Structure formats: structure tokens, C-alpha cells
Amino acid sequence: MTATLYKVEPFDLVIFGGTGDLALRKLLPALFHRHADGQIPAASRIIGVAREKLTDDAYRAQLREVLVRKGAEPAKLDAFLAQVDYRPLDARKDDGWEAFAAYIKGQPEHVRVFYMSTSPELYVDICHRLAGHGLNGEGSRVVLEKPIGRDLASANRINDLVGEVFSESQTFRIDHYLGKETVQNLLALRFGNALFEPLWNADHIDHVQITVAETLGIGRRAGYYDHAGALRDMVQNHLLQLLCMVAMEAPASLAPDAVRDEKLKVLRSLKPIAGSGVSQFTVRGQYRAGVAEGQAVPGYAEELNGAKSDTETFVALRAEIENWRWAGVPFYLRTGKRLPQHVSEIVVAFKRVPHSIFGTKVGTLAQDKLVLRLQPDEGVKLSVNIKDPGPGGMRLRHVPLDMSFAEAFGVTQPDAYERLLLDVVRGNPTLFMRRDEVEAAWKWIDPILAGWAASGEAPRPYASGSWGPSASVALIERDGRTWHEDSE
Ligand code: BG6
């Protein structure tokens, strides 16, 4: 089965931070795949920008190595690399900007996308330099990577200053989780079927769990990560956006603002976690040495060369949404590095039947669960109670009706960045965060950060390869519930 691929208009895509981890590991491979599928017009230019003084050829060689390692077909590489250039530039120095602007202006009819894959502190300088050289005109768009800022105040500052030179409709705040196939599918499942919506509320749903677990440690990203931590890196954006997609009301249409208005309402309805609630409803941890994917791995502090750090690499929390649909339904969120499995999933657990006719106690009947797997094997699983086959009385078994997208459709899903980068070129902001969403998310996160800082406590240690501090298990078990296990 082949999908219809729509070509986009010729574009220039400039990646600031072009030699960084995100550019090399995600953005450029995503563009390569779109190119290999014939979606990128030959006149388009992809331009890496960073401070290093590299030639075009040296940059292409670096990129070739990365792509070959990722299994790119050599026959397709040359044509892609021929469209890739490199320009050394420093956001804080004038050198080279004039020539860079002339080079970009050499293609006046191209859509221009400027992707900020740098530290957020540089977004403002870069955007103002672009504007100073007349590169913020109508056909220009700027992409801001998350996290935008470190808290509400710094996010506002960045948004204000970027807003001086790029309008809101030119600004694409990316959260790549929104580009994942299963997240899109959540919209399809919820609003394309009559089956789920009547049950999608506090009358029928017992609780929701959102887990984003990684086996990797911080790797080459210590400089960034130690400054951010899991709450800013993952919860403020990815996990809250997933929560919004589960919890939002039906938008009037798929128009960008229709969807974003509904997500915003959810963010604004989150019950604040502040003061003593912070230690009650949140758990933060930091990994120690242990085993990941069968290998002995060092602890976080050792990866920082022994530097003392109170940055959390794990967060679990219990959120609530104060509105009619969700009153009293807990949303348990957890994310961490160096956990035993690489798995991201949303689990919607339904209430138990009110009475058991099977001679067993109601509480012993398993809850029906809808599990949306974002990765590694994207799909949807609905586990229900059925009769254990064969004679010998009525015994119930909890079994999944399981659909793997790869098996069902015979295709592997494109990386989220492939969809999102082309959405920017097309000028479609549906899957990007509007300024007010980012602000509402920080407003909810800030008191948690403040509570942690005020407590003076260090994050709880957990062994690499475990599911985080035991306090995270206690957080959910206190409510008489357990974290979902993949074998269920
Ligand atoms: C990024 C975070 O946004 O998402 C990383 O900065 C994290 O720390 C990554 O590893 C996870 O993305 P994915 O798509 O691999 O689940």
C-alpha cells in the first residue's frame, strides 16, 4: 500500500545548530527520508549553520557518515547531499551574516524556514539578526525547539522578543511528540468512531497513565540536560501535550486554532500542584550506576565527571483536570532516562463493572484498558475480559485485541520530524504549540519547580535499569492502582 505524497513548494531550510545532536540525529535524517521519497523539490536548499568553520564538503562528509550509519541507501545519498550546504555563523558576532543574507536572498521565491536547534538563549539573537538582514519577510518561518525558556518568565521574554520580528503565524513551536503517528491516531480514534466518545469521561474512565520511558542516559547532551532536567525537557511539553490530546473536547474542525483552543482549555484546567502538594503528588529521581540493555552503565553524576547535580532524570506525578469531563480522574505521568524499557504509551483504564455475575469479587475482574503505544511498535491495544476457552466453568481471561500499525498497514511509520518539517514548509501550524499553550504549561510547571527548590531535597536515587525511585510506585499504589506493565 503506498500513500499519496504531496510535493511541497521549493524551500530553503536553515538549521541553526546544524552540527548538533538534534540536527544530525533527527532533522537531517528526516529530510533525507522525505528526499528519498521524492517529496523535496530539487531546487530546495538545506543549510546547516553553526559556529564551526567547516566547508560544505566537510559538513556533507559528516552527514554522509551519520546517514550511512543509519542505513541510508548510498545511491540516494548523493542526490540529497547535493542539496545540502553549510555556513559558519556566530549568533553573537556580525561576521558572515551579510554574505549569508545575500546567499539566502539569491532564491527570492523560496519559502524560508529558520530552525532554531540551538540553546534557547540564542533564539532571540538569531531572530533579530535575521530580521536585521531583511530575512523575516512574509515567506519566512521560524521554528523554535522546546523547551522554550526555563520557566514562564524566560519563556515570555523569548516569545516577546521573537514576536518583535516574527508574527505568531510565522512562529512554529515544535513538539515532535505531536507528529507521532499514534498521537494523530488518538484524534482519529476519539473523533472518527462513535465507540469511544460516550465512554470518554469521569463516569467510565478510572484513570489515565502516560509513560515515556527511555533506556538511554544523557549521552553527549550533559551541557543542555543538566540545565534542564526531566520536568522541563519532557513533562512541560511532550507529556502535557499528550495529556491534552487525551483530555481535550472535540474541536469544531481540524483547523489549527480549533485544535489548539481545545488543548489550551485543558492546560488551563489543570489543578495546580503547589506548596505541600508538590511532595505529595510528584516524585523526582536521578539515576545511579546499573544495567541498561544488558550493559553496565555509569550513574548520572559519573557522566558529569563527578560534578554534584540536583537535576532530575526521572519524574512521576499525579495530575488532575478540573472540568466536568474529568473531575476526580487522576492522570499519572512518568518519564525517565535509564529505565528498563524504551516505551512510550498512553493507558486509558476504564472503571470496573458494578457487579460480578461470575462468582468472583468485582474487584478481581481486570479493568478494561485502551493502550496507545507511541513507540517502539506503534499501535493500539484494547484489553478486555473474555471467557477462558474450553470446558470447566466460566473463568475469565484478560486478553488484548491488539493492532500493530506496522503489521496492519505493512508500512513502517515515518519519524515525527518528517511530517512536522514539511508542515512548516506548507505553513500548517496545527501540530505546533501556540504561544498561549506554552505559557499555560509553564504556569502549571513553575510551582512544581518552586516546590522542589524550596524543599532543599535532592532527587531520589534509582538504579539504572529500574523503573525509577520506589516512591513513584507508592505514588500510584496509594490510590489503589498500579503502573501498567507491558505484559498486561
Ligand atoms: C527530546 C528530549 O525532546 O525527546 C530528549 O529532549 C528525549 O531528552 C527525546 O530523549 C525523546 O524523543 P523520542 O522521539 O526518541 O521519544
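Helices (H or I, at least four residues) and strands (E, at least two) are taken as DSSP runs, numbered from the N terminus. The model is predicted: local features need pLDDT of at least 70, side-chain atom pairs count only at pLDDT 80 or more, and totals for chains, interfaces and linings use all residues. Residues are numbered from 1 along each chain as its sequence is written, and side-chain values use heavy atoms, with hydrogens and water left out.

The shell around the ligand consists of Lys146, His176, Tyr177, Lys180, Glu214, Arg221, Asp233, Met234, His238, Lys337 and Gln375, where a residue counts as near if one of its heavy atoms lies within 4 Å. Helix H9 (residues 230-247) gives the most to this shell, with three residues. By class, the shell holds six charged residues (Asp, Glu, Lys and Arg), two nonpolar ones (from Ala, Val, Leu, Ile, Met, Phe, Trp, Tyr, Cys and Pro) and three polar ones (the others, Gly among them).

Polar contacts are pairs of N or O atoms within 3.5 Å. The side chain of Asp233 has an N or O atom 2.6 Å from an oxygen atom of the ligand; for His238 the distance is 2.7 Å, and for Arg221 it is 2.8 Å. Taken alone, the ligand exposes 390 Å², of which the protein buries 86% (Shrake-Rupley method, 1.4 Å probe).

A nonpolar core is a set of buried Ala, Val, Leu, Ile, Met, Phe, Trp, Tyr and Cys residues joined through side-chain atoms within 4.5 Å, buried meaning under 20% relative accessible area (1.4 Å probe, protein chains only). The largest such core has 144 residues, and those with the most contacts inside it are Phe16, Phe100, Met116, Leu130, Phe331 and Ile346. H9 gives the most to this core, with twelve residues. At least three residues of the core come from each of domain 1 (3-145) and domain 2 (178-477), with bounds from an automatic or database domain assignment.

How values were computed. A polar contact is a pair of N or O atoms within 3.5 Å; within protein, one must be able to donate a hydrogen and the other to accept it, and residues adjacent in sequence count only if both atoms are side-chain atoms. Buried means under 20% relative accessible area, exposed over 50%, partly exposed in between (1.4 Å probe, protein chains only).
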